[in-house]
Structures are given as structure tokens and as C-alpha cells.
Amino acid sequence: MKKTHLILTIICVCCINFVQAQQKVALHSNGTTTIFGGSNPFTEAYNASANGDTIYLPGGNIPFPTTIDKGIVIIGAGFYPDSTTATNPTVSNAITLLIGENADNLYMEGFEVNGAINFASSANIDNVVLKRLRFKSMSYLGTGNLCENHIVRECVITGDVNLSNCKSSMISNCIIDGRILNGIEMGISNNLLLYNSAAFSLYTINNVDNSYFSNNILLKPNNSLVGSTELSTFEKNVYGYIPDVGSNTFVNNYEGVNLDSIFVNYNGLLFNYSENYQLVNPLLYTGTDGNEVGIYGGFFPYKTAAVPKNPHIQIKNIAPTTNANGDLQIQIQVGAQNE
């Protein structure tokens with residue numbers, strides 16, 4: 001599988017450089033690779049795909065299909081600027097990327113959506129993985145047919161997460177600027193919740209019942225951290241203020257922590273690529289598993305620069321013309337990824 005990733009990665013790089021006016025998207029299906037170009041290559045590859053297929057996206061701004069309604073794998077080149085200098089970040093300018101009711105087993109990794117990721121209203125969509133993505137917000141719309149067994153990990157979410165039609169799922173090791181709302185039976189672990197509104201009526205966690213919160217760091221500058229939440233357990237979380245317990249269970253949390261000095265580099269604002277969210281003293285704040293709290297602890301530590309699992313292009317130098325012998329000089333350095 002890793003060899004297939006490498007071949008497809010090099011194909012995409014070469015296609016981008018040899019046909020500057022077009023982006024190329026690779027569809028891997030049943031051992032066969034098909035390359036799509038033109039003005040809308042991702043949509044063409046998506047239309048040709050079937051459940052279980054993999055689509056590899058190049059760097060750059062690329063049009064996305066309006067709805068993803070299949071159980072496929074979609075992998076981009078990453079979104080951190082300093083780790084995508086050879087390829088450019090993979091970016092969708094979609095206002096909303098809608099996940100359709102037939103997208104069971106969807107897997108997406110390694111790109112940015114400038115808008116929201118929303119799940120179809122009142123649709124039962126199971127076994128979805130969102131990994132190492134950046135997007136503005138996420139909503140499970142409607143009620144009734146609850147989505148289950150979703151994993152959202154190592155993502156940057158710059159708005160709210162609305163879980164009103166989701167249960168029995170996990171959000172871990174994410175950086176979240178907004179709030180977590182309206183879930184049930186959720187596992188929320190090792191996240192960095194940067195929501196910093198001073199408004200007492202806006203809780204960082206609101207109406208998330210029968211759930212387990214562990215090893216998170218919450219940076220709200222007052223004690224309106226948890227509201228309208230019942231029968232949830234909070235263990236080994238870090239707060240600057242002591243939250244209201246209500247009907248919830250609080251166990252061995254770190255309360256009253258000076259959050260201005262907990263990170264190696266943090267300016268007190270929302271997510272920024274220039275900041276360093278490593279803990280200054282990780283041994284002072286151990287989580288339920290004995291590892292540090294926050295995004296760099298737990299079972300899925302945040303990967304540096306959120307580099308996706310396909311082979312990562314680190315250096316790309318392609319001469320603009322051939323030399324005197326008619327040879328084109330190409331230098332591509334690719335780093336293998338374990339996960």
C-alpha cells in the first residue's frame with residue numbers, strides 16, 4: 001500500500017508541473033490508477049469512483065463536488081503552509097461541503113475546507129473518519145437517525161461543532177476555536193478548546209449529555225465552561241476556572257491553572273500556525289492514560305504540521321527546460337509516513 005501511495009504521489013507531482021494550466025487528480029480503484037485533468041478533475045474522479053476507492057488530491061485550490069455521497073477515501077497534500085512548500089496546501093473554497101446519506105465508511109484526510117463540513121439532515125451516516133483537516137465548523141443536522149461511530153481527530157476547527165444528530169463517536173486531539181454543542185454518548189479527549197468569549201451565556205461545552213470528557217484543555221476566561229450538560233464525566237481536564245458541576249461527575253481535574261503560561265508559545269488568541277501548543281511542563285499535567293493532556297497526548301498525538309499519511313513531498317525541483325543533451329533535470333524528495 002505504501003508503494004502505491006508513493007507512485008501516485010509522484011504521478012500527481014509530475015502532472016502538475018508538466019501541465020501547468022491543469023491540476024491532476026488520481027483515482028485508485030481495484031488496482032488501477034486513472035488520472036483526471038480538465039477544469040474540474042476532482043468532480044470527474046469522484047463521479048467515476050465507487051465505494052472503497054481512493055482519490056488523491058494535488059496541492060492548490062481545487063473545486064470540490066458539492067456533496068460527498070460515497071464511502072470513499074480522499075487524501076490531499078496537507079494544509080500547513082510550512083509543510084506544503086513543495087506542493088502548496090490542498091484547499092477547497094466550498095462554503096459548505098455536504099456529506100450525503102450514502103457516505104458510510106467515508107475517510108477524508110489532508111486538506112482544508114474554507115467553509116463548513118455538514119452532514120445531511122437527519123441522515124444515518126456511520127463509520128466516518130475526518131483526520132488532519134482544517135475547516136470552519138461542523139454540523140450533524142437534524143435529529144432522529146443518529147450518525148454513529150465517527151472519528152474526528154487531529155483537525156483544526158475554527159468554529160462550532162454541532163453534534164445534534166450524532167452519538168457514540170469520538171473527537172480527539174483537535175484544535176477547536178468554537179464550542180462543542182448538542183451531543184450524546186460522545187468521547188471528547190485530548191482536545192485544545194481555544195474558545196475565549198467572555199460572555200457568560202455562551203458555554204464552551206453545551207448540552208452534551210452522557211459523554212466522557214478527558215485530558216482536554218479549556219481556555220475560556222471565566223467559569224461558564226459547561227452548560228445544560230447532564231450525566232457526563234469530566235476527568236483530567238485543565239481549566240483556568242472551576243466549572244459548575246451540575247449533575248455531572250468531575251474527577252481529578254486541573255482547576256485554577258494559569259493558562260497564560262501553560263504552552264511553549266501562545267498569545268491568548270485563536271488558532272495560529274505560528275503558535276506552539278506543546279506544554280511547557282507536560283509532566284505536571286498527566287492524563288488518564290499517564291501521558292500528557294492536550295493535543296500531543298492520548299492515543300492519537302497530534303502529528304507535527306498535520307502531515308497526511310500518504311508519502312509527503314518535501315522537496316520538488318523541476319528544471320524549466322531540458323539541458324544540452326535533451327534531459328530534464330528533476331529532483332523530488334519524498335518522506336514516507338507511518339500513519
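Which strand gives the most to the lining of the second largest pocket? Strand E33, residues 276–279, does so with 3 residues; strands (E, at least two residues) and helices (H or I, at least four) are DSSP runs numbered from the N terminus. The model is predicted, so local features need pLDDT of at least 70 and side-chain atom pairs count only at pLDDT 80 or more, while totals for chains, interfaces and linings use all residues. Residues are numbered from 1 along each chain as its sequence is written, and side-chain values use heavy atoms, with hydrogens and water left out.

The space in this second largest pocket is about 230 Å³. A pocket is an open set of points on a 1 Å grid over the protein atoms alone, where a 1.4 Å probe fits, with protein on both sides within 12 Å along at least five of seven lines; lining residues have an atom within 4 Å of a point. The volume is the space filled by probe spheres set on the points, which are joined across faces, edges and corners. Of the 14 lining residues, Tyr80, Tyr273, Glu275, Tyr296 and Ala305 lie nearest the centre. The lining comprises 8 nonpolar, 4 polar and 2 charged residues; Ala, Val, Leu, Ile, Met, Phe, Trp, Tyr, Cys and Pro count as nonpolar, Asp, Glu, Lys and Arg as charged, and the others, including Gly, as polar.

The largest nonpolar core has 54 residues, and Phe42, Met108, Ile117 and Leu130 touch the most other members. Such a core is a set of buried Ala, Val, Leu, Ile, Met, Phe, Trp, Tyr and Cys residues joined through side-chain atoms within 4.5 Å, where buried means under 20% relative accessible area with a 1.4 Å probe, protein chains only. Helix H2 supplies the largest share of this core, 3 residues. A second, separate core of 25 residues includes Ile175, Val257, Tyr285 and Val307.

Gln23 lies in the loop between helix H1 (2–18) and strand E1. Its side chain reaches the backbone oxygen of Gly59 at 3.2 Å, and a polar atom of the Gln23 side chain lies 3.2 Å from the backbone oxygen of Asn61.

His150 sits in the loop between strands E15 (147–148) and E16 (151–153). His150 is buried because its relative accessible area is 2%. Its side chain makes a polar contact with that of Tyr140 at 2.8 Å; a polar contact is a pair of N or O atoms within 3.5 Å, and within protein one must be able to donate a hydrogen and the other to accept it, with residues adjacent in sequence counting only if both atoms are side-chain atoms.

Definitions and conventions: Buried means under 20% relative accessible area, exposed over 50%, partly exposed in between (1.4 Å probe, protein chains only).
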